[in-house]
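User: Please go through this model with me. For each label you use, say what it rests on.

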Amino acid sequence: MKTRLRVLRAEKEWSQADLADAIGVTRQCINAIETGKYEPGLELAFKIARTFGKNIEEVFLYDDSPVGSELR
């Protein structure tokens, strides 16, 4: 899953720590989400989206391409 967190933070001139403080997680958590090492649960994803005044789909980009070509 890809995210637009870095771009959205930059628009507000927020650091990872600023966003983390706003939603009640650690800076390392925000870093892990941005680098794709951690996918947030629905509650956290909604919290992040609301913080930016966006829908989840505007923050988190789901890649729905098939994993393998044998899916027929």
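Analyst: The buried residues of α3 pack against β1, α1, α2, α4 and β2 (60-61). Packing here is read from contacts (heavy atoms within 4.5 Å). The model is predicted, so local features need pLDDT of at least 70 and side-chain atom pairs count only at pLDDT 80 or more, while totals for chains, interfaces and linings use all residues. Residues are numbered from 1 along each chain as its sequence is written, and side-chain values use heavy atoms, with hydrogens and water left out.

User: Which residues of α3 are called buried?

Analyst: They are Cys29, Ile30, Ala32, Ile33 and Glu34. Buried means under 20% relative accessible area, exposed over 50%, and partly exposed in between (1.4 Å probe, protein chains only). In the protein chain, which has 72 residues, buried residues make up 28%.

User: What secondary structure does the protein chain have?

Analyst: It has five helices and two strands, in the order β-α-α-α-α-α-β from the N terminus on. Helices (H or I, at least four residues) and strands (E, at least two) are DSSP runs, numbered from the N terminus.

User: Why are α2 and α3 called roughly perpendicular?

Analyst: The axes of α2 (residues 16-23) and α3 (residues 27-34) cross at roughly 110° and come within 8 Å. Angles of 65 to 115 degrees count as roughly perpendicular, under 35 as roughly parallel, over 145 as roughly antiparallel and the rest as oblique. The two helices are therefore roughly perpendicular to each other. Axes are lines fitted to C-alpha atoms, for helices over the stretch in contact, and angles run from 0 to 180 degrees between N-to-C directions.

User: Which residues make the contact of α2 with α3, and how do they divide by type?

Analyst: Gln16, Ala17, Leu19, Ala20 and Ile23 of α2 meet Arg27, Ile30, Asn31 and Glu34 of α3. Five of the residues in this contact are nonpolar, two polar and two charged.

User: How do you know that the buried residues of α1 line one face?

Analyst: In α1 (residues 5-12), Leu5, Leu8 and Arg9 are buried. Seen down the axis of α1, they fall within an arc of 100°, so they line one face of the helix. The arc is that of the directions from the helix axis to the C-beta atoms. On the other side of α1, Ala10 and Glu11 are exposed. The cover over the buried residues of α1 includes β1 (2-3), α2, α3, α4 (42-52) and α5 (56-59).

User: What makes glutamate 13 exposed, and where is it found?

Analyst: Its relative accessible area is 71%, so the label exposed applies. Glutamate 13 lies in the loop between α1 and α2. Its phi is near 60°, a positive value in a residue other than glycine. Just after α3, glycine 36 also has a positive phi, about 80°.

User: Why is leucine 42 called exposed?

Analyst: Leucine 42 has a relative accessible area of 63% and is therefore exposed. This residue is in helix α4. From leucine 42 to isoleucine 56 the separation is 14 residues in sequence and 9.1 Å in space, C-alpha to C-alpha.

User: What makes aspartate 64 exposed, and how far is it from methionine 1?

Analyst: Aspartate 64, in the segment after β2, counts as exposed because its relative accessibility is 63%. Aspartate 64 and methionine 1 are 63 residues apart in sequence and 9.1 Å apart in space, C-alpha to C-alpha. Of the contacts in the protein chain between residues at least 6 apart in sequence, 51% join residues at least 24 apart.

Technical notes:
Nonpolar A, V, L, I, M, F, W, Y, C, P; charged D, E, K, R; others polar.
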